[in-house]
Amino acid sequence: MACQSVAAVMDEQALLGLNPNADARYRQRAMAYFEQLKESHDAWEVCAEALAKGVYNDDHVKFFCFQVLEHQIKFRHAGLSGVQQQLIRETLMKWLQSQLMNAQPEKPFIRNKAAQVLALTFVMEYLTLWPKFFFDILSLVGLNPHGVDIYLRTLMAIDAEVVDRDIPHLPDETRRNSLIKDRMREQCIPSLVESWFQILQTYQQSHPELTCQCLEVVGAFVSWIDLGLIANDRFVNLLLSQMSVEELREEACDCLFEIVNKGMDPVDKTKLVESLCQVLQSAGFFNVEQEEDVDFLAKFSRLVNGMGQSLVLSWTKLAKNGNVKESAETLQAVEAKVPLLLQLLVHEDDDISANIVGFCYEYLHVLKQLPQLTEQQKTNIEAIMLAVMKKLTYDDEYNFENEGEDEAMFVEYRKQLKMLLDRLAQVSPELLLEAVRRVFTNTMQNWQTAPFMEVEVAIRLLYMLGEALPASHGAHFSGDTAKTSALQDMMRTLVSCSVSSYQHSSVSLEFFETVVRYDKFFIVEPQHIPNVLMAFLDQRGLRHNSPKVRSRVSYLFSRFIKTLHKHMNSFIEDILTRIQDLLELAPPDNGYQALLTSDDQLFMFEAAGVLIVNGDSAVERKQALMRSLLLPLMDAFRLLLAKLSQETDEERQAALADCLSHAVGFASRTSKAFSNKQTVKQCGCTEVYRDCLQSFLPALSCPVQRGPLRSSVRSFLHRMIICMEEEVLPFVPAASEHMLKDCEAKDLQEFIPLISQITAKFKRQVSPFLQQVFMPLVLAIFEVLARPAEDNDQAAALEKQMLRRSYFTFIQTVTGSGMNEVLANQGAENIERVVFTIIQGAVDFPDPIAQKTCFIILSKLVELWGGKDGMVGFPDFIYKHIVPACFLAPLKPTFDLSDAQTVLTLSECALTLKMIHLKRGPEFIQFLQQEYLPSLQVAPEISQELCQVLQQPDVKVLKNYIKAFFQRAKL
């Protein structure tokens with residue numbers, strides 16, 4: 001396997017581990033050996049020798065040697081001696097020479113790695129040690145196919161290192177790369193271009209893969225070299241001849257695309273594109289319908305797109321600069337490409353069509369800017385509309401029930417077409433409206449015999465008009481009469497022609513989506529509501545055989561009801577009867593597949609709630625209807641909870657808890673129907689929801705599945721606080737007591753917002769309760785925060801951080817709600833303990849969000865207790881702890897003044913100092929000047945300056961000064 005001289009030096013045992021099938025012991029040894037060779041001063045030289053002499057036949061060993069060499073060049077080049085650098089150059093050239101004589105080329109992964117190493121050496125040495133890099137390589141390689149292959153791969157690797165803008169570079173590397181390109185332009189680019197021409201000419205028949213590689217190189221380099229070297233008759237004719245060779249045409253197309261894309265003077269660009277088009281057209285490439293190779297056509301479409309967009313860009317520049325003659329000529333050139341654009345846009349292959357959308361979009365943008373459209377331009381617009389309408393259509397292969405990658409690509413492509421439709425609406429809304437109306441009307445007249453894709457796209461177009469022709473707040477049926485009457489006619493046709501009965505899920509979905517998009521139509525023509533309601537309620541909608549349709553329709557139904565509930569009075573009880581079975585709680589154990597998922601049922605309960613609450617019936621009737629809606633949930637809840645308490649199997653427990661959570665969620669969702677105008681009280685529903693609370697609260701003391709049960713009951717309480725007002729208060733103490741038992745960080749974190757909501761809403765009304773729950777809650781938080789966690793447990797650390805934030809927010813809510821007594825009545829020891837946690841939060845934890853809250857609290861406490869009639873001993877606390885916190889927090893290394901959130905914290909810190917001055921006056925200034933600031937070694941003049949700023953009224957000046965003060969202090 002190896003020559004003796006090297007075998008003695010290289011660790012053969014370690015090399016065995018390079019084989020992917022080697023066992024772990026050998027692989028580990030190989031890794032260790034790799035590290036040793038990388039880091040050693042000269043041991044890597046054995047790899048250079050092995051490559052230069054072709055010692056090893058094993059591909060993995062060759063790759064390994066190149067990797068070691070790559071590391072030296074990339075990371076240790078500057079530290080190598082001149083002799084070692086010379087050794088690397090000689091090694092690479094010897095290895096390259098050996099390639100010329102090999103009967104078989106190396107495997108591609110080795111050639112790529114060699115090219116990478118050559119490129120890295122070039123980058124490091126071209127400007128200094130190896131200016132003749134390309135001359136040496138070209139002299140050696142000549143036109144030897146193996147050598148040419150490595151040369152082209154190296155050029156692509158150089159492009160990746162020096163040119164590719166997608167690869168991020170440090171400023172030094174960017175400067176170096178600019179110098180390299182400048183030097184290459186001066187010294188070798190003409191020679192390289194000549195070599196490419198020779199390669200393209202020599203190998204187009206015998207080695208098409210080399211020709212393709214070379215075309216890729218030309219495409220990569222053309223963006224930054226002199227275009228005249230490529231865009232000349234000799235070179236372009238060669239490229240065009242390759243457009244007719246099957247194996248080369250796609251790469252030739254890409255190469256021409258890069259040439260066309262190069263930034264240049266608009267007049268020159270127009271000339272270049274036009275001369276290219278002329279040649280392509282006379283060579284027959286514009287006869288798209290005769291071309292069967294869709295892969296080539298996709299590339300050709302991309303090329304035409306590039307040419308079209310380049311012309312549009314030239315026109316924009318020329319028109320902006322007032323070049324009337326040239327801009328007119330360029331516009332003419334753009335117009336001349338439209339027939340080709342249309343052929344490609346309407347092509348049955350979506351990739352070909354998608355590749356030309358960019359040019360089409362830009363062309364429409366040009367038309368939008370013109371003062372007046374010619375007849376031809378109007379014809380073009382109509383042709384684009386028809387193409388878009390045709391291409392929006394599904395094909396037979398689309399799988400609606402199991403959408404995969406192809407379907408996802410079509411959905412994305414449809415989005416591009418929608419952009420074109422929106423742009424068409426901006427250019428000529430009248431034409432678009434008329435075209436859609438024509439297609440829609442024709443299709444609806446024959447929907448019974450039309451294929452599903454035609455019916456779907458006709459309705460889809462009507463739906464898309466809603467966004468293409470915008471109306472504020474969906475008011476499509478007022479204002480512009482032409483638009484309004486057209487949309488109204490189409491909607492009337494849609495809901496009265498029975499197309500909702502069409503037996504295809506895509507048509508069903510599009511029907512309901514469109515009905516809800518234009519729900520305001522039914523305010524204008526309410527006579528159609530009964531028919532549409534029936535469509536929603538029967539096998540066309542909520543009882544459709546496709547779960548996907550049923551799911552979407554349940555959401556759309558709730559939206560329809562919400563918008564039109566005022567027109568539903570005469571149908572309310574009929575609707576509730578018809579959807580009764582869809583409102584049943586699916587028990588976890590009967591194996592029956594319900595029509596709707598629990599998520600879909602949420603929308604049904606919301607719709608039911610809206611119907612009951614907004615109906616015209618008497619309060620007693622509303623109450624009875626709401627009770628009949630919620631009672632089954634309460635009954636099921638009690639039964640399931642009793643079952644859960646006795647269940648021992650964990651999986652069954654989880655299923656029962658899930659079902660219980662759904663019951664609570666459904667009841668909660670019905671309450672969304674209430675508003676300021678229609679409150680729970682006014683609708684006579686207080687008692688029903690009170691019964692719900694009584695049914696659900698026992699779940700809080702259930703010993704199993706506490707997490708999900710607490711979470712759902714807590715959410716219900718949040719809703720009831722909003723809806724039931726003070727009626728909810730009697731339930732809060734018992735609920736809080738249960739929720740504070742055996743808490744985890746997450747439980748507390750979710751419980752605190754509930755208490756904060758109660759505090760903020762009811763203020764003094766809940767003061768006695770808050771005084772009672774305050775310390776138990778605080779102690780539960782302290783206990784959870786004090787629990788030990790593993791150092792690397794990031795999830796636990798994040799949970800604690802979030803809990804700490806919630807705790808501070810809670811204290812902020814209490815202090816900010818004007819309930820001084822809640823904290824004041826906790827006893828001196830407890831108050832001190834709480835306030836110390838606020839000081840700690842302000843200073844010790846590097847979390848600017850929490851720190852900001854802490855300073856807001858401290859400022860509030862100073863306001864409440866820091867004056868002459870404040871809490872006994874608090875002024876002392878201000879000077880001993882709050883003032884130091886205002887200075888120590890910003891001085892911490894973790895307090896980053898370049899971070900926006902931290903700057904907000906600093907503002908609150910400044911406001912706290914301001915509040916102390918407001919409450920303590922000259923005494924505070926004296927304390928700062930004579931005691932505190934001298935203890936921080938602040939110079940007397942700075943100290944005086946700070947005190948002066950503190951005493952003036954403008955808070956903004958103080959905030960700016962404090963920021964500058966700490967920036968200086970941190971230098």
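Predicted model: local features only at pLDDT ≥ 70, side-chain atom pairs only at ≥ 80, totals over all residues.
The largest nonpolar core comprises 338 residues. Within this core, the residues with the most contacts are Met184, Trp196, Phe300 and Phe887. The greatest contribution to the core comes from helix H24 (residues 452-468), which supplies 12 residues. For Met184, when residues up to four places away in sequence are not counted, the contacts are with Phe122, Tyr126, Phe134, Ile189, Leu192, Phe221 and Trp224.

Two packed helices are described by the angle between their axes and the distance between the axes. For helix H37 (residues 745-762) and helix H39 (residues 794-816), the axes come within 9 Å and cross at roughly 15°. H37 is therefore roughly parallel to H39, as the angle falls under 35 degrees. The crossing of H37 and H39 is left-handed. On the H37 side, the contact is formed by Ala745, Lys746, Leu748, Gln749, Ile752, Ile755, Ser756, Thr759 and Ala760. H39 contributes Glu799, Met802, Leu803, Ser806, Tyr807, Phe810, Thr813 and Val814. By residue class, this contact of H37 with H39 contains 10 nonpolar, five polar and two charged residues.

A second pair is formed by helix H44 (residues 900-920) and helix H47 (residues 955-969), whose axes come within 9 Å and cross at roughly 115°. The crossing of H44 and H47 is right-handed. From H44, the residues in contact are Val903, Leu906, Ser907, Ala910, Leu911, Leu913 and Lys914. These meet Val955, Leu958, Lys959, Ile962, Lys963 and Phe966 of H47. The contact of H44 with H47 comprises nine nonpolar residues, one polar residue and three charged residues.

Individual helix positions were also examined. Ser767 lies in helix H38 (residues 767-786). Ser767 counts as buried because its relative accessibility of 5% is under 20%. With residues up to four places away in sequence not counted, Ser767 touches Met819, Glu821 and Val822. Ala336, by contrast, is located in helix H17 (residues 324-336) and is classed as exposed because its relative accessible area of 51% is over 50%. Ala336 and Ile916 are 580 residues apart along the chain, and their C-alpha atoms are separated by 77 Å.

Methods. Residues numbered from 1 in each chain as written. Heavy atoms only, no water. Axes fitted to C-alpha atoms, helices over the stretch in contact; angles between N-to-C directions. Helix = DSSP H or I, 4+ residues; strand = E, 2+ residues; numbered from the N terminus. Left-handed = near helix turned anticlockwise from the far one by under 90°. Contact = heavy atoms within 4.5 Å. Nonpolar A, V, L, I, M, F, W, Y, C, P; charged D, E, K, R; others polar. Buried < 20%, exposed > 50% of the residue type's maximum accessible area, 1.4 Å probe, protein only. Core = buried A, V, L, I, M, F, W, Y, C linked by side-chain atoms within 4.5 Å. Parallel < 35°, antiparallel > 145°, perpendicular 65-115°, else oblique.
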